[in-house]
Amino acid sequence: MKFHLSFVLVALLCLGSRAQSPDKVWGIEECVNYALENNIQIQQSQLQVEINKNNQQQVRADLAPNLNLNSNYGWNFGLNIDPVTNEISQSQRQTASLGLNSNVTLFSGLRQHYSIAKANLDYMAALYDLEDMEYDVSLNVTAGYLQILLNKEILNVAREQQRVSKLQLDRMTKLVEAGANPKGDELQLQAQWARDKQDVIAAENAYIISKLQLANLLQLENPDEFEIESPEIELPGAELVARSAESIYATALDMQPAIKGAEIRVESSEKDLAITKAGAYPT
């Protein structure tokens, strides 16, 4: 009976450890790609791109002439007034009408031209906003991933320091018992070992919190099962580190989508002003 109980306990422990083990180990590229596909802010930016694209098509369609077709059918019976003789009549009468009209704008002070240009600029600005949002999400995910790796290394260092302190304390305890060192030396090492244990606890908390933060950024349903791998990262080249601040700033001006989007919005505002001024012209 004792053998069976021991076997059951061991089996439960194995199953419990297996259930707690992560089903999947995430790499940095997988984290970034998952965030780009599932982030709500990116999805909102994608919807805004579609809205601006529809507005662009609508403004272009406004250049075409409109065409309206309407019809009417009436049936009168009983006592009524004859519209031809204006006399009271009891005969049945059926009437029908059909209308067709079309309008086309020949000139509106170039308002339509400016509206098309503004719609094109707004569509381009939405594309840059989407790209900027993808950059921000990728940067935040990468920073969170690297923070986990950093906290993991800090935890390993803290554990190693605790192990070394424990070895020193054990050695000092033996020396004190042998009368080679005073009791004060042992107490100092005990205090150091206690501080190292506290550092390990703080490092463990920082490591767990950083994993939860990245899991929440990825919007995972089970953040407790989230684990990442430690990739082999090469050091950047010397030419990248040696770049001046001016060159980095100039590159950012040419490549950052947020800056490009802001410049296009300035042009879009100028088109808004032109559209307003066009209202002073006759149509």
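Mentor: This is a predicted model.

Trainee: Which side chain of opposite charge is nearest to Asp-196?

Mentor: Arg-195, at 6.1 Å. A salt bridge needs a nitrogen within 4 Å of a carboxyl oxygen. Asp-196 has no salt bridge, yet Asp-196 is buried.

Trainee: What is Asp-196 in contact with, leaving aside neighbours within four places in sequence?

Mentor: Gln-161, Gln-162 and Ser-165.

Trainee: Where do I look for salt bridges that do form?

Mentor: The count comes to 8 salt bridges. Take Lys-118 and Asp-272: their closest N and O atoms are 3.1 Å apart. Lys-118 lies in α4 and Asp-272 in α8 (residues 257-278), so the pair ties together parts 154 residues apart in sequence. Lys-118 counts as buried, at 18% relative accessibility. Asp-272 is partly exposed, at 33%. Asp-122 joins Lys-118 and Asp-272 in a network of salt bridges.

Trainee: How many residues apart are Glu-186 and Lys-183?

Mentor: They are 3 residues apart in helix α5, about one helical turn. Glu-186 is buried, with a relative accessible area of 6%. Lys-183 is partly exposed at 47%.

Trainee: What about Lys-211: buried or exposed?

Mentor: Buried, at 12% relative accessibility. Lys-211 sits in helix α5. The side chains of Lys-211 and Glu-227 meet in a salt bridge of 2.7 Å, N to O. That pair links distant parts of the chain, 16 residues apart, with Glu-227 in strand β6 (residues 227-228). Glu-227 is partly exposed, at 22%. Not counting residues up to four places away in sequence, Lys-211 touches Ile-148 and Phe-226 as well as Glu-227.

Trainee: Now the nonpolar core. Which residues touch the most other members?

Mentor: The largest core has 26 residues, and those with the most contacts to other members are Trp-26, Cys-31, Val-141, Leu-214, Leu-218, Phe-226 and Ile-228. Helices α2, α3, α4 and α5 each supply at least two residues. The largest share, 11 residues, comes from α4. Beyond its neighbours within four places in sequence, Leu-214 is in contact with residues including Val-141 and Phe-226.

Trainee: How do I describe two packed helices?

Mentor: Use the angle between their axes and the distance between the axes. Here α2 and α3 pack at about 50 degrees, with axes 6 Å apart. That makes α2 oblique to α3. Ala-35, Leu-36, Glu-37 and Asn-38 in α2 meet Ile-40, Ile-42 and Gln-43 in α3.

Key. Residues numbered from 1 in each chain as written. Predicted model: local features only at pLDDT ≥ 70, side-chain atom pairs only at ≥ 80, totals over all residues. Heavy atoms only, no water. Buried < 20%, exposed > 50% of the residue type's maximum accessible area, 1.4 Å probe, protein only. Lys, Arg positive; Asp, Glu negative; His and termini not counted. Contact = heavy atoms within 4.5 Å. Core = buried A, V, L, I, M, F, W, Y, C linked by side-chain atoms within 4.5 Å. Helix = DSSP H or I, 4+ residues; strand = E, 2+ residues; numbered from the N terminus. Axes fitted to C-alpha atoms, helices over the stretch in contact; angles between N-to-C directions. Parallel < 35°, antiparallel > 145°, perpendicular 65-115°, else oblique.
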